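Please open the model in the viewer and keep the selection panel at hand.

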Amino acid sequence: MSRRIFRTVPLHNKAFLVEWKQKPSDKLLEIILSFKSAIDKDAKVSRTVMGYQSLLIHMKEEIQNMSLWNEYLNELQIKIQPKIIDKGKIWKIPVCYDNIFAPDLIPLAKSLKIEVEELIQIHSKTKYRVYFIGFLPGFLYLNGLDKRLHFPRKKNPQLKVPKGAIGIGGRQTGVYPNESPGGWHLIGKTPISLFDAKQKKPCFASPGDWVSFEPIDKRKYYELKRKIQKDNFKMLPNQ
Amino acid sequence: MIEIIQYGIYTSIQDMGRFNYQSYGVPVSGAQDQQAYRIANQILNNSLTSAVLEFTIKGPKIRFHQNTFIALTGAKMKAKLNGVEVDYYVPIKVNEGSILEMGIIQNGCRTYLAVCGGIKTEKILESRSQFKGVTINDRIFKKTLLPIDNPIFNPSKGARMISPSQDYSQIELEVYTGPEFYKLSKIEKENLFSTLFTISNFNNRMAVRLKEKFKNEMSEIWTAPVIPGIVQCTSDGSLIILMRDAQVTGGYPRILQLNNSSLNLLSQKNTEDKIRFKLLSRID
């Protein structure tokens, strides 16, 4: 039997965690996604939630026998480890990097000792992987920010970051799906909604998908904004 | 319809919660004290998922625009219907035009008002619980009209509830070990269960922060799923207990997990109240 690469941790009598030991990576993401897709089909399971290294499993009824679950997960590891299951959809999120939407763009470029244009180019040329959704409704944890753009978050978080703001903080970049407090450096803004509570699937992106940022000018930003307000716009994945 | 004339300190619409959207980053929400919430609905023979109003510390003033029945449960605030004090944990008949005026908390922190058939605001993602970013507001801010169901309740046939004891003074919170508990040293574990902790003024529907610092040597973890009742521990030693509106993921070590009845009890605690953790053994 292959060596077990995860541990299980009960939280309470209707929920437990599966936690992997290895560092977050695309390979681990694919392992977690494979476990998730198998476990989601189990009639006893109510729902699952992902993290960088973990999968939270909520049961419909109280867990009677944890050792049965452990056996099942061991078998699952053998079955699904080798193959790559989900290649993911590709989403292009339009972003306006104009100064009016990017209060921290110039100071951040200065701090990183690169030109503003270069910062925008690196940020928008990268393909980011959606690892999971958390923090706020619709907040995508994106992996893949270029090392040249890593920069510590602000010492004093801003009380109000606007909806749609694109930020860089530490090793991460992402979109604020709603107005919230936040400590990231704001380098642009998207007119797109990352979260729509009126939809049955309130986020267009899923873990395993790819995201890139497409630079747009102010005119295009306002044009898209109008379309979205009129409900005349739908995000579609790229082929 | 019922009309909120004055909204009190923090009044919100809550139900059992929003269960199926955590993987989109949506908190569970729902009534903080699920036991008091459930009993309020049971008294009126409501469905167990009916929406109620949750009052915090001081309740609102409400005008009823139709005949109905109501039930009050949870923490006791003085409640006057048309100037006459009414009881908790019993169905109360209310006539069109009546005014219910809630006072300040006498014990506990949160009071529940159920109406016959439940509050009928729009369901969003399968729930009526208010949470900002999902519903428009996270609470009722101003004069508001709320739709309610037509009364079908007949008190002569309705089940009578025996009023459960409302002892919120109990200080022990029952906990299981959390995922990062094993990282604590023996002395840290001893301190965790022997310390009498105080609830700080940072306590709301998202989280309750404790005043006393808990010295520890743990580092942050890779962002991982969390649920209500988890006790997080920051590197500066703050203990944060997650409540129903908590984020669905977090990066602090998760050292303990409250059971449901302790989570209900904690939601009835106020700033400066004392608590102590009591470790339960797992059934598995």
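A salt bridge is defined here as a side-chain nitrogen of Lys or Arg within 4 Å of a carboxyl oxygen of Asp or Glu. By that rule, 2 salt bridges are counted between chain A and chain B, and the count over all chains is 19.

This is a predicted model, in which local features need pLDDT of at least 70 and side-chain atom pairs count only at pLDDT 80 or more, while totals for chains, interfaces and linings use all residues. Residues are numbered from 1 along each chain as its sequence is written, chains are lettered from A and ligands numbered from 1 in the order in which they are written, and side-chain values use heavy atoms, with hydrogens and water left out.

**Stop 1**

Select Glu19(A) and Arg254(B), whose side chains form a salt bridge at 2.8 Å, N to O. Next select Glu180(B) and Arg7(A), where the N to O distance is 3.8 Å. This pair crosses between chains: Glu180(B) lies in the loop between strand 10 and helix 2 of chain B, and Arg7(A) lies in strand 1 of chain A. Helices (H or I, at least four residues) and strands (E, at least two) are DSSP runs, numbered from the N terminus.

**Stop 1: the whole interface**

Now select the residues in contact (heavy atoms within 4.5 Å): 38 residues from chain A and 32 residues from chain B. The two chains bury about 2,900 Å² between them, 62% of it on carbon and sulfur atoms. Buried area is the accessible area (1.4 Å probe) that two parts lose on being put together, summed over both. On the side of chain A, highlight Leu11(A), Arg47(A) and Phe135(A), which lose the most area to chain B and together make up 18% of what that side buries.

**Stop 2**

Strand 2 and strand 4 of chain A run antiparallel and are joined by 5 bridges; Leu17(A) has Leu56(A) in strand 4 of chain A as its bridge partner.

Axes are lines fitted to C-alpha atoms, for helices over the stretch in contact, and angles run from 0 to 180 degrees between N-to-C directions.

**Stop 3: the barrel of chain B**

Move to chain B, where 7 strands close into a barrel of mixed pairing in the order 10-17-14-15-12-11-18. Here the twist averages 40° from one strand to the next. Select strand 14 (residues 230–233) and strand 15 (residues 239–242) of chain B, an antiparallel pair with 3 bridges. Within this pair, Gln232(B) stands opposite Ile240(B) in strand 15 of chain B.

Technical notes
Two strands pair if DSSP finds at least two bridges between them.
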